[in-house]
Amino acid sequence: MKTLTDFITENKIQFSARQVDSNPHMEDGKYPMDHWLCRFRHDGKQLSVYFSQGMGFNGQPPSADSVLSCLASDAQGVEDGQTFEEWCGDYGCDTDSRRALKTYQTVKLQAHKLRNLLGEYIFKELLYETETL
């Protein structure tokens, strides 16, 4: 298996992160966090995602490796055609939770956008042939 750093370099994926006030996919104030709007560019396409990390990073921006690792891990969780109920079982979520449903839908959408950014072959290479963090 290749590392994420090698995967990013080989596929000429560009990354940038800009600090923002909040992440629309998270409850504000529950945990102190730094929020980022991250942008990946590949082959003339781009993908923007919100990413949050604990205050222990002291405002240091996330790395391409860490954000892509999270996206790949999330995508793997929905990639095999799991239903919402199956996903909840795997991640310990309540199937009656609207918040869990919103998270599931967000993950599915981000996985779809990641596939569009990379193309099918490179997307599968990321999910199944690249070590995540």
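How many salt bridges does a search of the whole structure find? In this predicted model, the search returns six salt bridges. One of them joins the side chains of Lys2 and Glu125, with a distance of 2.6 Å from N to O. Lys2 belongs to the segment before helix 1 (4-10), whereas Glu125 is part of helix 5 (residues 120-129), so this pair ties together parts of the chain that are 123 residues apart in sequence. Glu125 has a relative accessible area of 10% and is therefore classed as buried, the cut-off being under 20%.

A second salt bridge is formed by Glu79 and Arg115, whose closest N and O atoms are 2.6 Å apart. This pair also links distant parts of the chain, with Glu79 in helix 2 and Arg115 in helix 4, 36 residues apart. The two partners fall into separate accessibility classes: Glu79, at 16% relative accessibility, counts as buried, while Arg115, at 22%, counts as partly exposed. Arg115 also takes part in a salt bridge with Glu120, where the side chains meet at 2.8 Å, N to O. Glu120 is partly exposed, with a relative accessible area of 40%. Glu79, Arg115 and Glu120 belong, together with Lys124, to a network of salt bridges.

Within helix 3, Phe84, Trp87 and Cys88 are buried. These residues cover an arc of only 100° around the axis, which means that they lie on the same side of helix 3. Gly89 and Asp90, in contrast, are exposed on the other side of helix 3. The buried residues of helix 3 pack against two other elements, helix 2 and helix 4. Just after helix 3, Gly92 adopts a positive phi of about 70°.

With a relative accessibility of 28%, Cys93 counts as partly exposed. When residues up to four places away in sequence are not counted, Cys93 touches Trp87, Cys88 and Ala100. The separation between Cys93 and Ser48 is 45 residues in sequence and 26 Å in space, taken from C-alpha to C-alpha.

The largest pocket holds about 800 Å³ of space. Its lining is made up of 23 residues, and those nearest the centre of the pocket are Asn23, His25, Met26, Asp74 and Thr103. Which element supplies the largest share of the lining of the largest pocket? That share, six residues, comes from helix 4. At least two lining residues are supplied by each of strand 2 (33-42), strand 3 (45-54), helix 2 (64-79) and helix 4. By residue class, the lining of the largest pocket divides into eleven nonpolar, seven polar and five charged residues.

Helix 2 also contains Ser66. Is Ser66 buried or exposed? At 18% relative accessibility, Ser66 counts as buried. With neighbours within four places in sequence left aside, Ser66 is in contact with Phe51 and Leu133.

Positive phi values in residues other than glycine were also considered. Asp43 has a phi near 50°, a positive value although the residue is not glycine. Asp43 is placed in the loop between strand 2 and strand 3, and with 65% relative accessibility it counts as exposed. Asn58, likewise not a glycine, has a positive phi of about 55°. The position of Asn58 is in the loop between strand 3 and helix 2. At 70% relative accessibility, Asn58 counts as exposed.

Methods: Residues are numbered from 1 along each chain as its sequence is written. This is a predicted model: local features need pLDDT of at least 70, side-chain atom pairs count only at pLDDT 80 or more; totals for chains, interfaces and linings use all residues. Side-chain values use heavy atoms; hydrogens and water are left out. Buried means under 20% relative accessible area, exposed over 50%, partly exposed in between (1.4 Å probe, protein chains only). Contact means heavy atoms within 4.5 Å. On a 1 Å grid over the protein atoms alone, a cavity is a set of points where a 1.4 Å probe fits but cannot get out, and a pocket is an open set with protein on both sides within 12 Å along at least five of seven lines; lining residues have an atom within 4 Å of a point. Grid points are joined across faces, edges and corners, and a volume is the space filled by probe spheres set on the points. Helices (H or I, at least four residues) and strands (E, at least two) are DSSP runs, numbered from the N terminus. Ala, Val, Leu, Ile, Met, Phe, Trp, Tyr, Cys and Pro count as nonpolar, Asp, Glu, Lys and Arg as charged, and the others, Gly among them, as polar. A salt bridge is a side-chain nitrogen of Lys or Arg within 4 Å of a carboxyl oxygen of Asp or Glu. The arc is that of the directions from the helix axis to the C-beta atoms.
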